[in-house]
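Q: I have just opened this structure and would like to go through it step by step. Could we begin with the terms?

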Amino acid sequence: MAWIELPSVESATGRLGRLFAAAIERAGRVWRITHVMAPNPKVLEASMALYRAIMFGESPLSRAQRELVAVVVAKTNGCHY
C-alpha cells in the first residue's frame, strides 16, 4: 500500500497555508482529495483552478447539470460525493 506523508492543515504556511485556508473558507474543511495533493502545492493549485473552471466557468450546462454529472461519475466510480 502506498503512503503519502501529508502536512497537517494547522501547521501549513505560505502557499499551502493559503490554499488550505481557501479550502476551509469554501467548504468548511480540507477534504481528503485536497489534502492528498498538499505535498505539491503547484499541483493542488492547478487542480483547484481546473475544478473552478469546470464547475463555475462558462458552459452550455447549468450549474445543477454539472453537479448531477459529478454525482453520476462519483457513483459510477464508487466514490462518496
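Predicted model: local features only at pLDDT ≥ 70, side-chain atom pairs only at ≥ 80, totals over all residues.

Q: Fine. What share of the 81 residues in the chain is buried?
A: Buried residues account for 20% of the chain's 81 residues.

Q: And how many helices and strands are there?
A: The chain has 4 helices and 0 strands. Read from the N terminus, the order of elements is α-α-α-α.

Q: What are the dimensions of the C-alpha trace along its principal axes?
A: The trace spans about 40 × 30 × 20 Å. The accessible surface of the chain is about 6,400 Å², and carbon and sulfur atoms hold 63% of it.

Q: Let us go inside. Which residues make up the largest nonpolar core?
A: That core has 10 residues: Ala12, Leu16, Leu19, Phe20, Ala23, Val30, Met37, Ala38, Leu44 and Met48. Helices α1 and α3 each supply at least two of its residues.

Q: Which helix gives the most to this core?
A: Helix α1 does, with 4 residues.

Q: Take Ala12 from that list. What does it touch, not counting residues up to four places away in sequence?
A: With those neighbours set aside, Ala12 touches Gly17 and Phe20.

Q: Now helix α2. Where does it run, and is His35 in it buried or exposed?
A: Helix α2 covers residues 32-35, and His35 lies in it. His35 counts as buried because its relative accessibility is 17%, and the limit for a buried residue is under 20%.

Q: Which residues is His35 in contact with, leaving aside neighbours within four places?
A: His35 is in contact with Leu6, Pro7, Val9, Phe20 and Val30. Phe20 and Val30 also belong to the largest nonpolar core.

Q: What about Thr34? Buried or exposed?
A: Thr34, also found in helix α2, has a relative accessible area of 5% and is therefore buried. Apart from neighbours within four places in sequence, Thr34 contacts Ala23, Leu44 and Met48.

Q: Changing topic: how many salt bridges does a search of the whole structure find?
A: The search finds 2 salt bridges. In one of them, the side chains of Glu45 and Arg15 meet at 2.6 Å, N to O. This pair links distant parts of the chain, 30 residues apart: Glu45 is in helix α3 (residues 41-56) and Arg15 is in helix α1 (residues 14-27).

Q: Last topic, the charges. How far apart are the mean positions of the positive and negative ones?
A: The chain has 10 positive and 6 negative charges, and their mean positions are 3 Å apart.

Q: One more: of the contacts between residues at least 6 apart in sequence, what share joins residues at least 24 apart?
A: The share is 31%.

Notes:
Residues numbered from 1 in each chain as written. Heavy atoms only, no water. Salt bridge = Lys/Arg side-chain N within 4 Å of Asp/Glu carboxyl O. Core = buried A, V, L, I, M, F, W, Y, C linked by side-chain atoms within 4.5 Å. Buried < 20%, exposed > 50% of the residue type's maximum accessible area, 1.4 Å probe, protein only. Contact = heavy atoms within 4.5 Å. Areas by Shrake-Rupley, 256 points an atom, 1.4 Å probe, with all protein chains shown as cover. Lys, Arg positive; Asp, Glu negative; His and termini not counted. Charge placed at Lys NZ, Arg CZ, Asp CG, Glu CD.
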